[in-house]
Amino acid sequence: MASSRYTHAVVCRIPLSLRTRGEIDLEEAKRQHEAYVNLLREQGLDVIELPPDENLPECAFVEDTAIICNGIALITKPGDPRRVQEVS
């Protein structure tokens, strides 16, 4: 079986509206996100950063809604109605 090599990662920046989802320390979330992005880059991945959408507080979790492997996109159907717009 051939091994796969990941080349890209898609991330979304942290929206200010994320703080509306429970007890979120927005500054800590931003620090953690930056560390995550840096780690992906250190692994040699080309990181594509999407701008945050303030209307979709959980948009930062873009990996929950789409995964692309070998040119095939797998788009999920979020169970939480608040996240359905993220798929678009």
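Biologist: What makes residues in the lining of the second largest pocket nonpolar, polar or charged?

Modeller: The residue type decides: Ala, Val, Leu, Ile, Met, Phe, Trp, Tyr, Cys and Pro count as nonpolar, Asp, Glu, Lys and Arg as charged, and the others, Gly among them, as polar. By that rule the lining divides into nine nonpolar, two polar and one charged. This is a predicted model, in which local features need pLDDT of at least 70 and side-chain atom pairs pLDDT 80 or more, while totals for chains, interfaces and linings use all residues. Residues are numbered from 1 along each chain, and side-chain values use heavy atoms, without hydrogens and water.

Biologist: Which element gives the largest share of that lining?

Modeller: α1, with four residues. Helices (H or I, at least four residues) and strands (E, at least two) are DSSP runs, numbered from the N terminus.

Biologist: How do you know that β1 and β2 pair?

Modeller: Pairing requires at least two DSSP bridges between two strands. β1 and β2 (residues 46-50) have five, in the parallel sense, and Val10 has Ile48 in β2 as its bridge partner.

Biologist: Why is Leu50 called partly exposed?

Modeller: Buried means under 20% relative accessible area and exposed over 50%, with partly exposed in between (1.4 Å probe, protein chains only). Leu50 has 33% relative accessibility, so Leu50 counts as partly exposed. This residue is in strand β2.

Biologist: What is Leu50 in contact with, leaving aside its neighbours within four places in sequence?

Modeller: Contact means heavy atoms within 4.5 Å. On that basis the partners are Val10, Val11, Cys12, Arg13 and Val62.
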